[in-house]
Amino acid sequence: MLNGEIMLGVDLNFLHKNLRKGNTGTEVFLLKIASGRVDIRPLTLAELSLAGAHYAGLEQALGLNPSGTELDDEMLYAMQIRHSKVMQDPLNYPWLTNWAVIQREEQRLIGFIILKGCPNDQGEVIVGYVIHESHRRQGYATEAVQCICDWIFSDPRALWVIADTEKDNAASHKVLQHLGAQKHREADELIWWRIARPAAQTPAGSLA
Ligand SMILES: CC(=O)SCCNC(=O)CCNC(=O)[C@H](O)C(C)(C)COP(=O)(O)OP(=O)(O)OC[C@H]1O[C@@H](n2cnc3c(N)ncnc32)[C@H](O)[C@@H]1OP(=O)(O)O
């Protein structure tokens with residue numbers, strides 16, 4: 001079990017055991033993390049396809065209320081890219097997919113967190129995030145990204161969460177600052193932020 005209010009639909013040891021047994025992102029998998037007002041859950045391969053082809057169908061498949069939202073081209077592209085990454089490495093799908101951010105009380109899909117791979121040699125995991133306009137400025141990104149950071153740092157290989165933002169994305173900078181991120185690197189238009197693994201976080205769900 002992870003820290004604080006976080007609850008797993010299945011615990012991490014169960015997840016890793018099942019991943020080792022060969023269950024893949026093509027199957028329904030009940031990993032869900034709850035925190036505060038949101039649940040987050042990684043989209044399976046089938047759900048990534050549905051997100052691109054028929055968003056209302058995805059909401060229905062997840063058992064959620066319809067939002068009338070349409071994904072923009074950037075998010076549709078992100079769904080395609082994540083789909084191809086999961087196809088290449090289905091056993092690691094939670095690290096490669098978009099995670100749905102669900103407002104629990106409303107039972108509504110309000111955004112996504114994008115995970116871009118397993119921890120690399122430096123222990124870095126790259127994340128992105130988007131919250132639908134209807135739910136912005138209510139602390140949901142901060143809450144959801146904190147939740148995914150807790151999940152990421154429950155893997156002992158993960159030392160840093162990395163996020164790159166455009167320099168003029170003030171809302172994203174605020175989210176990262178709320179989470180204790182430090183500026184790590186800058187280029188003309190981008191800033192790379194990183195969040196360090198909390199010293200107190202007890203690793204859980206090790207593959208070892
Ligand atoms: C690493 C990356 O993924 S970078 C790309 C991030 N994603 C995007 O830019 C996609 C479009 N934008 C969004 O989806 C949303 O605006 C997000 C994800 C950036 C933020 O989502 P939200 O749920 O609104 O964030 P949350 O409410 O947790 O915090 C936003 C903070 O930014 C502040 N904020 C929001 N808009 C602005 C703005 N235009 N200027 C200054 N501050 C702003 C809010 O007041 C809040 O700060 P506060 O808590 O101190 O009041």
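User: Between which two elements does the loop with Asp 155 lie?
Analyst: Helices (H or I, at least four residues) and strands (E, at least two) are DSSP runs, numbered from the N terminus. With those labels, the loop that holds Asp 155 sits between α6 (140-153) and β7.

User: What kind of model is this, before we go on?
Analyst: Residues are numbered from 1 along each chain as its sequence is written, and side-chain values use heavy atoms, with hydrogens and water left out. Local features need pLDDT of at least 70, side-chain atom pairs count only at pLDDT 80 or more, and totals for chains, interfaces and linings use all residues, since the model is predicted.

User: Is Asp 155 buried or exposed?
Analyst: Buried means under 20% relative accessible area, exposed over 50%, and partly exposed in between (1.4 Å probe, protein chains only). Asp 155 has 4% relative accessibility, so it counts as buried.

User: How far is a polar side-chain atom of Asp 155 from the backbone nitrogen of Arg 157?
Analyst: A polar contact is a pair of N or O atoms within 3.5 Å; within protein, one must be able to donate a hydrogen and the other to accept it, and residues adjacent in sequence count only if both atoms are side-chain atoms. Between the side chain of Asp 155 and the backbone nitrogen of Arg 157, the distance is 2.8 Å.

User: Okay, Asp 72 next: which residue's backbone nitrogen does its side chain reach?
Analyst: Asp 72 is in the loop between α3 (55-61) and α4. At 45% relative accessibility, Asp 72 is partly exposed. Its side chain reaches, at 2.8 Å, the backbone nitrogen of Met 75.

User: What charge does the surface patch with Asp 72 and Asp 188 have?
Analyst: Patches are made of residues with over 30% relative accessible area and no salt bridge, with like charges joined within 9 Å and nonpolar side chains (Val, Leu, Ile, Met, Phe, Trp, Tyr) within 5 Å. Lys and Arg count as positive and Asp and Glu as negative, while His and the chain ends are not counted. Here Asp 72, Asp 73, Glu 74, Asp 164, Glu 166, Asp 168, Asp 188 and Glu 189 gather on the surface, and the charge of their patch is negative.

User: Which elements each supply at least two residues of that negative patch?
Analyst: Loops have a share too: Asp 188 lies between β8 (182-186) and β9 (190-196), and with 74% relative accessibility it counts as exposed. The elements that each supply at least two residues are α4 (73-88) and β7 (160-166).

User: How many salt bridges does the structure hold?
Analyst: Side chains of opposite charge can pair when their charged atoms come close. A salt bridge is a side-chain nitrogen of Lys or Arg within 4 Å of a carboxyl oxygen of Asp or Glu. Some of them link up in a network of Lys 32, Asp 39 and Arg 104. The count for the structure is seven.

User: How far apart are the closest N and O atoms of Arg 41 and Glu 47?
Analyst: Arg 41 counts as buried at 13% relative accessibility. Glu 47 is buried as well, with a relative accessible area of 9%. In their salt bridge, the closest N and O atoms are apart by 2.8 Å.

User: How many residues apart in sequence are the parts tied together by Lys 167 and Glu 186?
Analyst: Their side chains meet in a salt bridge at 3.2 Å, N to O. Lys 167 lies in the loop between β7 and α7 (170-178) and Glu 186 in strand β8, so the separation in sequence of the parts they tie together is, in residues, 19.

User: Which residue's side chain joins that of Gln 103 in a polar contact of 2.9 Å?
Analyst: Gln 103 is in strand β4, and at 6% relative accessibility it counts as buried. Its side chain also reaches the backbone nitrogen of Glu 106 at 2.8 Å. The side chain that it meets at 2.9 Å belongs to Tyr 140.

User: What is the phi of Arg 137 near?
Analyst: Most residues other than glycine have a negative phi, and most peptide bonds are trans. Gln 107 has a positive phi, near 50°. Arg 137 is in the loop between β6 (124-131) and α6, and it counts as exposed at 87% relative accessibility. Its phi is positive too, near 60°.

Methods:
Areas by Shrake-Rupley, 256 points an atom, 1.4 Å probe, with all protein chains shown as cover. Charge placed at Lys NZ, Arg CZ, Asp CG, Glu CD.
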